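Reader: I am new to this structure. Please take a close look at one part, a single sheet, and walk me through it.

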Amino acid sequence: MATGVNNIRLRKYPVGVGMIIVWIAGAIGLSVAAYRWIVGLRITNMSDNRPWGIWISFDMMSGIGLAAGAFSIAAIVYIFNIKKLYPIVRPTILTGFISYILAALTLLADLGLPQNIWHLIIYWNIHSPLFEIGWCVMVYTTVLLLEFSPVVLEALGWKAPLKLIQSITIPLVILGISLSTMHQSTLGTMLLAMPYRIHPFWYSPLMPVYFFLTAIAAGMAMTVFESYHSARTYQQKFEIGIASKITSWIPYVLGLYLVIKVVDVIVSGTYIYLIQDPWPTFMFLIEIMGGALIPALMFADKRVRSNPSGLVWASFLLMGGLILNRFNSTLVFMNGDFYFPSAAEIAVSIGLTCLGIIMFDAAIRFLPMYPNPREKQASKSLENAA
Amino acid sequence: MEVNRRDFLKIAGAGIGTLVLPSLDVKAAAIPGNLENAHAMLYDATKCVGCRACQVACKKRAGLPYVMDENQLYEMPTDLNGDTWTIIKLYQDTETYSYVKKQCMHCVAPACASVCPVAALEKTPEGPVVYHSYKCIGCRYCMTACPFDVPKYEWDETNPIIQKCDFCADLQAAGQQPACSAACPTGALISGTRAEMLAIAHQRLADHPDQYFNHVYGEYEVGGTSMLYIAGISYEKLGYPTLKNQPIPDITWPYMKAVPFVFFGMAGAMSAIYYWTHRNKEEEEG
Ligand code: SF4
Ligand code: SF4
Ligand code: SF4
């Protein structure tokens with residue numbers, strides 16, 4: 001492996017206007033978050049009858065859902081042994097790792113007493129879904145760090161630790177899959193404690209299953225979306241073959257989700273609300289049609305999958321569907337006072353998302369994320385070791 | 001915390017010993033008894049005259065500040081809030097009216113205590129659901145999970161904590177009545193054991209069926225509460241929702257109980273698939 005410290009060097013990708021805006025938005029968001037630690041939650045529009053806002057719905061619920069690509073792709077490549085997808089593993093693991101860091105940062109903004117977050121370690125309540133999510137996220141972030149570390153170790157040329165990590169890749173991947181299955185579904189269990197608060201279109205004993213399935217599907221869409229945009233930004237070839245392969249599984253996952261959902265609506269009798277409540281019906285149908293059924297049909301079509309813009313649009317719809325679903329179930333159709341996020345809340349949400357892009361950008365600039373032709377041999381050996 | 005550790009070991013044991021003990025019942029850990037002999041209170045809306053002596057007594061006992069308007073004039077809160085653990089409200093329409101007291105219901109199987117990730121809320125065997133602010137991380141899950149919208153937050157503080165009625169746990173432990181029931185001049189609010197309160201409530205319903213709406217609110221709602229209500233009009237009108245008898249912790253617990261099975265099941269399935277897909281590896285490489 002002819003790599004070494006000189007692998008950590010600035011790759012001269014152009015810095016576009018977009019990136020400058022991202023930097024500014026990120027800086028604003030972080031400053032507002034810092035201000036929030038000084039003055040408290042009064043800068044938000046949350047209230048006693050609306051204790052959770054967009055930081056929960058968008059940054060936590062949607063962010064973690066969309067980060068599910070990391071475990072699905074790892075499972076496909078390492079467990080199901082579909083090596084063709086190997087080139088996409090690194091950026092996907094990185095995206096997942098960054099998403100979980102962002103989720104942790106969001107918690108530090110959203111918790112009333114962020115300085116106490118470590119209490120999860122010493123005060124246990126195994127009855128609490130949130131306790132389990134907290135633990136899974138802590139452990140899984142560590143797993144993602146370890147899964148990503150070969151990239152850094154390789155760049156540094158530290159062979160001994162690299163060998164060590166590579167030797168435990170499979171157990172790590174399996175641990176990651178188990179932890180993800182647990183906390184992705186438990187995010188749904190979390191909402192089961194609110195049978196009188198959430199509209200019956202969204203409240204269902206199967207919520208944990210729905211959260212798990214939609215996260216897998218939208219996580220893969222996110223992977224495609226992200227690789228399309230980084231290919232454009234960093235002048236790589238968009239690997240349409242890989243994207244097409246990944247997305248060819250999405251219709252199965254979404255199909256399963258839709259079938260269970262429809263049966264659930266019929267069996268539980270929830271369909272009566274289709275006539276009674278026009279507003280929830282409208283949102284429900286948009287979410288199910290536009291955010292699940294249409295993307296499923298698009299991904300099932302080979303012509304769409306062999307066309308970059310078709311892939312990106314379908315992915316965009318599916319990601320939107322997941323975000324809409326999380327908003328509907330944790331905010332819009334959860335009983336409470338009227339709420340619209342304050343400027344500070346929006347600034348932090350946008351800022352943290354931008355921070356994610358900045359971290360991703362920095363990794364691409366400083367680390368060997370995409371194998372150069374010169375380094376093909378190195379990645380080949382890595383692939384074999386894995 | 002000890003209890004939880006013990007529960008955890010039980011469950012971990014259940015996860016590992018799943019083949020040996022498929023029917024191990026750990027549910028008992030989640031649900032205490034119906035607390036017949038624990039502290040309880042009964043509020044009889046038909047006897048309440050709306051003097052708010054209880055509301056004042058509660059503020060005094062808990063040391064909660066009064067809310068002032070910009071001219072330093074006392075302002076009446078309209079609902080429970082970070083400075084108000086109990087409040088008397090008035091329902092009024094053209095035919096009838098009724099006062100109603102709001103405060104924590106001290107559920108027998110409280111949703112708030114079950115969802116709190118750090119066990120900052122605790123159902124004591126004596127009856128009160130108490131809050132340990134030193135543990136709280138401020139996730140506000142208790143606020144969303146409580147079916148009665150009871151826990152409130154100090155939104156204006158930099159280090160906010162949850163605020164809710166603690167059933168005067170300290171007074172009751174010292175053998176005294178809660179401050180609010182002690183202050184009540186009409187006997188609309190009385191305290192005693194849950195069995196006594198239920199007996200009195202049913203007696204009054206039986207003696208004066210014409211005066212009461214025929215239901216003791218809190219007897220079975222979400223598994224029963226230690227704060228019980230009887231009233232002359234329907235509870236919906238008084239702001240008390242119609243709830244099923246199933247305790248909320250009973251909804252989430254089966255899922256939480258399944259977590260170790262999901263974890264080991266998934267790991268097992270993935271390992272199996274791994275060996276299946278890599279079974280020809282040697283040949284490939286050779
Ligand atoms: S009424 Fe709400 S806050 Fe009070 S014990 Fe029940 S769940 Fe907890
Ligand atoms: S806000 Fe505090 S008391 Fe309420 S659930 Fe969260 S940690 Fe527990
Ligand atoms: S029991 Fe105590 S804390 Fe609760 S409302 Fe009455 S006086 Fe207030």
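The answer goes from strand order to pairing, and then to the helix on the sheet.

Author: This is a predicted model, in which local features need pLDDT of at least 70, side-chain atom pairs count only at pLDDT 80 or more, and totals for chains, interfaces and linings use all residues. Residues are numbered from 1 along each chain as its sequence is written, chains are lettered from A and ligands numbered from 1 in the order in which they are written, and side-chain values use heavy atoms, leaving out hydrogens and water.

The sheet lies in chain B. It is open and has three strands, in the order β8-β1-β9, with mixed pairing. Strands (E, at least two residues) and helices (H or I, at least four) are DSSP runs, numbered from the N terminus. Two strands pair if DSSP finds at least two bridges between them.

Now the edges. β8 (189–193) and β9 (227–230) of chain B each have a single partner strand, so one side of each lacks a neighbour in the sheet. Neighbouring strands are turned by 25° against each other on average, direction ignored.

Next, one pairing. β1 (residues 39–44) of chain B runs parallel to β9(B), and four bridges join the two. B:Leu42 stands opposite B:Leu228 in β9(B).

A helix packs on this sheet. It is α7 (residues 194–207) of chain B, and it touches β1, β8 and β9 of chain B. Contact means heavy atoms within 4.5 Å. The direction of α7 makes about 130° with that of β8(B). Such angles run from 0 to 180 degrees between N-to-C directions, with axes fitted to C-alpha atoms, for helices over the stretch in contact.
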